[in-house]
Amino acid sequence: MLQDFVPTVWTFFEAYGWLTVLIIIFTYFMYKKYIYNVIRAQSDKRKVTEQNESDRQMRELVKDRMQLARERQQKEHNEKERSERMKLEQKQREETEKRRKRSQEGEKVRIFDYLDDSTFNFFCLVIEFLCGWNIIGHYSSTSSTATTLVSTKKPQEYATEIIDNLLGSTSITIIGYSTCPKFRKACQLVATYRLDISMFRVFEFDKQPDWPVEEILVVLENRFQTRESPFVFIRGEYIGGLEEIRKHDKSRGLDKF
């Protein structure tokens, strides 16, 4: 059969070979001229469409992720803001509760604490002169237990005995000069609590005629390393001067007496 086919094909090309070649060349020319460009244009268009679709999907994916990230950040910010607001409200409630408790405990704002020394001293003298009031808040003790003794001892021994007797005489004892503004403020601070004389006594150096003041100051300086008025004692223990009794009042409260 193959032997019959080969001569037949050869015979065909002998008769129509030139026409076949011409048809092939013409077909190739038409393909390159028109068909190829159309096919390529459609292919490029399809690729562009696919690329645009891919880009669109990518943009939507990124947009969704950014939206989720923003929502998460906003949620965290809201949570942080709410937490800080709650802490602030809690702190304000605690401050309000503290102020309420201090108010209930009877903490007082004393005008005398805001006066400078010269103004306070002048104010006290004017009140005492016009009204006959003792602005210190407690009448000064003109004598002490120790002064009832016969002062036949040496001044130093006598001064020591005076101090020893004073420290155990009352719960709160203040010693100083009546002209000292800090001494007067310390007395006024304690006097606001209206303590009984058995609990609070004041001794003024310049109103104790039988006291050896200089020797007493020497004794106080040797014991407490200071000669500055006032000398404040609570239950026989030296605590300091004006600032120390203020701190003691704020931290422990003189109203307990």
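Helices (H or I, at least four residues) and strands (E, at least two) are taken here as DSSP runs, numbered from the N terminus. The model is predicted, so local features need pLDDT of at least 70 and side-chain atom pairs count only at pLDDT 80 or more, while totals for chains, interfaces and linings use all residues. Residues are numbered from 1 along each chain as its sequence is written, and side-chain values use heavy atoms, with hydrogens and water left out.

On this basis the protein has 6 helices and 4 strands. Read from the N terminus, the elements follow the order α-α-α-β-α-β-α-β-β-α. Of the 257 residues in the protein, 29% are buried, where buried means under 20% relative accessible area, exposed over 50%, and partly exposed in between (1.4 Å probe, protein chains only). The accessible surface comes to about 18700 Å², and 57% of that surface belongs to carbon and sulfur atoms; the areas come from the Shrake-Rupley method with a 1.4 Å probe, and for residues only the protein chains shown count as cover. Among contacts (heavy atoms within 4.5 Å) with a separation of 6 or more, 67% join residues 24 or more positions apart.

Confidence deserves a word before the details. The mean pLDDT (the predictor's confidence in each residue, from 0 to 100) is 77, and 74% of the residues reach 70 or more. Over residues 106-112 pLDDT stays under 50, and the model has 13 contacts beyond four places in sequence for this stretch. Residues 142-151 also have a pLDDT below 50, with 19 contacts in the model beyond near neighbours in sequence. Where pLDDT is low, the predicted coordinates should not be read in detail.

Helix 3 (residues 155-167) and helix 5 (residues 213-224) pack at an angle of about 65°, with their axes 8 Å apart. Axes are lines fitted to C-alpha atoms, for helices over the stretch in contact, and angles run from 0 to 180 degrees between N-to-C directions. Helix 3 contributes Pro155, Gln156, Ala159, Thr160, Ile162, Ile163, Asp164 and Leu167 to the contact, and helix 5 contributes Glu215, Ile216, Val218, Val219, Leu220 and Arg223. By class, this contact has 9 nonpolar, 2 polar and 3 charged residues; Ala, Val, Leu, Ile, Met, Phe, Trp, Tyr, Cys and Pro count as nonpolar, Asp, Glu, Lys and Arg as charged, and the others, Gly among them, as polar.

Most residues other than glycine have a negative phi, and most peptide bonds are trans. Gln225, in the loop between helix 5 and strand 3, has a positive phi near 60° and is exposed, with a relative accessible area of 63%. Pro230 lies in the loop between helix 5 and strand 3 (231-234), and the peptide bond from Ser229 to Pro230 is cis, with omega near 5°. Arg235 is placed in the loop between strand 3 and strand 4 (237-240); its phi is positive, at about 55°, although Arg235 is not a glycine. At 63% relative accessibility, Arg235 counts as exposed.

His248, by contrast, lies in helix 6 (residues 242-251) and is buried, with a relative accessible area of 13%. Leaving aside neighbours within four places in sequence, His248 is in contact with Ile234, Ile239, Gly253 and Leu254.
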